[in-house]
Each structure stands twice: as C-alpha cells, then as structure tokens.
Amino acid sequence: MATEDTLRDEARSWYEANWDPDLTVGEWFRRMMEDRWAYPGWPEQWWGRGLPTPLAKVVREERRRVGALGPPSGIGPSLLSHMLFAHGTDDQTRRYLWGMAVEGWVTCQMLSEPDAGSDLAGVRTRAVRDGDEWVVTGSKIWTSNADVVDFGMLLARTDWDVPKHAGLTFFLIRREQPGIEVRPLRQMTGDAKFNQVFFDEARVAADDVLGPVGGGWAVNRTFLAHEKNSFNPAAHEGGPFGRVPLDRPVHEVVEAERRRLSAGASGRGIGKTLSEQVVLFVQALRQLDLFKAPGVAETLDWAAALSELDAVALDPATVSDTLGVLLKYQDDIARLEGSKVKELLDEVKADLRAAE
Ligand SMILES: Cc1cc2nc3c(=O)[nH]c(=O)nc-3n(C[C@H](O)[C@H](O)[C@H](O)COP(=O)(O)OP(=O)(O)OC[C@H]3O[C@@H](n4cnc5c(N)ncnc54)[C@H](O)[C@@H]3O)c2cc1C
C-alpha cells in the first residue's frame, strides 16, 4: 500500500504530465480511467487502486491542484459501482463501469411503486422471461431523473409463488425504448423533480440481470447500504453530475463547473436571482406542450439552448438567449404554470431593469 507521501507524489506527477485542457471531455475521462486515476477507490482489477477513502482524497486534492476536471459523479459511479463489485458478472462490471466513467452513461433508481414505498419488497412490477430477454410491465414512482437517464436500476417481481422477498430480481434496463413512458410529477412548488415511469412490455436483456434471478432482495440491500452514503460529497470524485457533453473541450466544462459552484456558493443579487429563475423556468418549460410540439425545438433551437444551459450553467449569453425565449412565450408559460411562474417572470424582468 502506498504511503500518503508517495501517493501524493505519484498523483501529482501524473496530473501535471497528463492534464491537457484542450482534450475533449471524453478523451480526458478515458485517459484518467485507463491510467487508474479516475476512481482510485475502486478495486485494482476495475481501473482503480483499491485506496481507502482518506488516500483517495489525496488523489482528488492533486487533481484539483492542477485544475483538472474530475470524472463523472452521481449515483452510477458512487452507488451502482459497489453493486457491480458485489453482484455483477465480469462482463456487466466492465460494460457499466466503462459506460458510466468514459461514455457518459447516466442512471436512476427504479425501486418505489405507488403501492410499494416503505414496503419495498412488495413491488408488483413484473418481469417475465422470454427467450434471451425479460418483459417488464408495471409502474415505478418518485423516479428522480428518469427523463434524462440512459438506463434504470430496476427491482421487479419474477416469481409470485414464493414469499415476497424471495420473488424479486434486479435489472439494469435501457430507458429509451418503446415500452417505457416517463411522465413528470408536478409538485406543489411547480417543479417536477420526480417522475412516474410506466412499463408496457419493456424489454431487458437476460445479460442485464444483476445478481441471481430471485436474488434481487440481496442486491437491493447492497444498494440501500450504499445509498445514504451517496449523498456524502466524499462519495463522489468531484466531477460533473448528470449528462456531460463528451465532445466539448474539457476546459469549457471546467469553467462551467467553476461558475456553477461559485454561483451556488456566493451568488447574490441579479446573478442569484437569474440562476434560480432560469433553472426553475427551464424545469417548467421542459413540461410544456409548447416545448414538445413538433417543429418548436427546431425553430427555436431549444434543445441546443437547454443543453447549453445545463452544460455551461450560467454563461451570460445563454442566459440572455434563454430569457429572450422565455419572455417571448411568457403568456403561454403563465397560462400553463399559473401565477407562480408569472410572478417569477416579473421578478426576473424587474431585476433586469434594475441592472440596466
Ligand atoms: C427526495 C426523494 C427522492 C426520491 N427518489 C427516488 C428515486 O429516484 N427512485 C425511487 O425508486 N424512489 C425514490 N424516492 C422514494 C423513497 O425512497 C421512498 O421509497 C418513498 O418515498 C416511500 O414510499 P411512500 O412515499 O409510498 O411512503 P409510504 O411507504 O406510504 O409511507 C408513508 C408514511 O408511512 C410510514 N410508514 C410506512 N410503513 C410503515 C409501517 N409499517 N409502520 C409505521 N410507519 C410506516 C412512513 O414512515 C411514512 O411516514 C424518493 C423519495 C424522496 C423523498
């Protein structure tokens, strides 16, 4: 095992020699992963160094010292990784770790159901074997981020004739497919941070069963054991959350992350108001029929504007473009979202006037 000093020297040399802000994000993620500096707490056989948390932190400090972007954060790298180490086949562990660390795959938790929340072992979403696949029918609820992910971590019932904990199986299911519909759940605040997901004969490959068929409860316990820790900042390597634009120069994303963190930490006045309002509006707009209507995304280049906004956080040009569109459609927004959105829009306009 490396001592703190030798590890620090080694990490510093590697980052100084390898950090290159002109690489694309994808190239940088790949370079860190291949040389085993992305997730140094992962086991050695899986692109890691098997370091305990205090030593993994030393590597993180050296990464920050050179100003390099961290690898993707989020529940995939911080939570699913542990489930793969405990229950995955070699093929699954290789595919999913690489996908999440290098190819930008993002995941969500598909556990809770309308009639199975605290009583999680009571899930009724069913999966039935059909050749090399399983066919999934049912519904999940409170599914954070289901609208943006590549695949979900799904607990489903595969056997109805055994005690309820024994009839469950854990799947990694591709989200984008005809049998899956994601509907946002609107909260009292007007936000829609959760979704309900409907499965109507959705398909999942037999290779994507995590752990044994009927052994889903044990897999789920690994999940729950690590879930609370996934809220701990130390469980993440410090890189971006959510979808990351892999083909952009990495220095742009470093700058966006810096702005996002400084806006969160010290944003005041117009900057803070704009950041909060824009994020709220964008969340609201994602739900509008107006935004979903054919042709609108193309003519307004909404998709680009929104992904820009996600990626660069609060680039002033993007904010002003976004606000321009928001103002143009304010009546539709006010009608669809009720007085809260109108009120927020008025605040933004007042702030803009005050800043002129
Ligand atoms: C911020 C947030 C994000 C979430 N994201 C996700 C997600 O991404 N994916 C996902 O699958 N789920 C998610 N959940 C769901 C969550 O993890 C729980 O499963 C769910 O909120 C609990 O189920 P329920 O809402 O049906 O409540 P219920 O199970 O109906 O519980 C309601 C109340 O009854 C109490 N209660 C229940 N059973 C008993 C009992 N036997 N004895 C005494 N009291 C009891 C509970 O403590 C609670 O106070 C999220 C929840 C929150 C708050």
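1. Which residues of α6 are buried? In this predicted model, the buried positions of helix α6 are G216, V219, N220, T222 and F223. These residues lie on the same side of α6, because they cover an arc of only 150° around the axis.

2. As to the helix itself, α6 takes in residues 216-227, 12 residues in total, and its first and last C-alpha atoms are 16 Å apart, close to the 16 Å expected at 1.5 Å a residue. The cover over its buried residues includes the helix α4 (75-87) as well as the strands β4 (151-157), β5 (168-174) and β8 (209-210).

3. Leaving aside residues up to four places away in sequence, I141 touches S112, E113, P114 and Q196. With S112 the separation along the sequence is 29 residues, while the distance from C-alpha to C-alpha is 5.6 Å.

4. On confidence, the chain has a mean pLDDT of 82, with 71% of its residues reaching 70 or more. Two stretches should be read with this in mind: over residues 296-315 pLDDT stays under 50, and the model has 31 contacts beyond four places in sequence for them, whereas over residues 336-341 pLDDT also stays under 50, with eight such contacts in the model.

Conventions
Residues are numbered from 1 along each chain as its sequence is written. This is a predicted model: local features need pLDDT of at least 70, side-chain atom pairs count only at pLDDT 80 or more; totals for chains, interfaces and linings use all residues. Two residues are in contact if their C-beta atoms, placed from the backbone, lie within 7 Å. Helices (H or I, at least four residues) and strands (E, at least two) are DSSP runs, numbered from the N terminus. The expected span of a helix is 1.5 Å times one less than its number of residues. A residue is buried if 20 or more other C-beta atoms lie within 10 Å of its own, exposed if 12 or fewer, and partly exposed in between; C-beta atoms are placed from the backbone. The arc is that of the directions from the helix axis to the C-beta atoms. pLDDT is the predictor's confidence in each residue, from 0 to 100.
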